Amino acid sequence: MKGITRLQVGEQVDQFLLIKEAKKGVTTVGKPFMSLLLQDRSGDIEAKLWDTNEEHEKTYQAQVIVRVGGEIHDYRGKNQLRIKQIRIARPEEGISIGDLLPSATTPKEQLYEELTQFFFEIKNPAISRITRYLVKKYQEQILVFPAATKNHHDYASGLLDHVVSMLRLSKAISDLYPTLNRDLMYAGVILHDIGKVIELTGPVGTAYTVEGNLLGHITIMVNEIGQAAKDLEIDGEEVMLLQHLVLSHHGKEEWGSPKKPMIQEAEMLHYIDNIDAKMNMLNRALEKTKPGEFTERLFPLDNRAFYKPNI
């Protein structure tokens, strides 16, 4: 069966899907409806459930598996699922949440092994100890957490996928520009998003935690680096530099960065992070687009649609 994100406009749907998000709304004429985000291993799609009542709201909640019948249609340049029938999956149908969770294409154990190889490249003892300490502390979560609730690497082991891809990029860029400090580059990449294991709830029905909403992954990680340095009795410029890399990796204040990059490694970390996030979004959108056609509009990429060449 084709993944839900690979279906074209006009195609019929009759399959099991996981409710990733469920929100209630009211139409302009005061009629209640629900906006659902439904997913399978290929990704997620928006759907509307009309003329809803309290019973619907109690039944169709996040992390519930449903059998959905309907049709794919175009809504403002994006595929949407028009629901015609919906019901809760029955236990005897044998569908588990794991069957419907998107995940990294490379096995997480393989990705983690590749990440740990970079530890051997970090020569500065203070940077090496802090990085290893924090990766070990959150190893379990790093293996399975997504990197976001939506847009890029928003799937099981997405965080690890993102970090390993960025490590490959940073290695290539460090080879091109030898003035870059590899210790800071690699440690910055490994640590920059680990705060997301506290900011987010996990790979199933990913949402923001209270700390995620009130502090955010950047603040969380700056505190974690400071605490790790205390635990390991490390006191030097390295601690401040690692904190600066995390603080500035979003690049601009309007993109959520408390500080702009002020060392060259921080500037590069910001670009590498941006390249990998955007390529992940583009690859996934182009994967479900036929040659000679345009992707759906990608909101994080200035709401642009991208053409997939025939060549």
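Counting every salt bridge (a side-chain nitrogen of Lys or Arg within 4 Å of a carboxyl oxygen of Asp or Glu) gives 17 in this structure. The model is predicted, so local features need pLDDT of at least 70, side-chain atom pairs count only at pLDDT 80 or more, and totals for chains, interfaces and linings use all residues. Residues are numbered from 1 along each chain as its sequence is written, and side-chain values use heavy atoms, with hydrogens and water left out.

One of the salt bridges joins D44 and K20, at 2.8 Å from N to O. D44 lies in strand β3 (residues 43–50) and K20 in strand β1 (residues 12–26), so the pair ties together parts 24 residues apart in sequence. Strands here are DSSP runs of E with at least two residues, and helices are runs of H or I with at least four, numbered from the N terminus. K20 has 5% relative accessibility and therefore counts as buried; buried means under 20% relative accessible area, exposed over 50%, and partly exposed in between (1.4 Å probe, protein chains only). D44, at 26%, counts as partly exposed.

K20 also meets D154 in a salt bridge of 3.6 Å, N to O. D154 is in the loop between α4 (139–144) and α5 (158–176), 134 residues from K20. A network of salt bridges links K20, D44, D154 and R284.

Helix α10 covers residues 237–248. Among its buried residues are V239, L242 and V246. The elements covering the buried residues of α10 include α3 (125–137) and α9 (216–231). I225 touches V239, L242 and V246, among others, where contact means heavy atoms within 4.5 Å.

Terms used: Expected span 1.5 Å × (residues − 1). Lists of a residue's contacts leave out its neighbours within four places in sequence.
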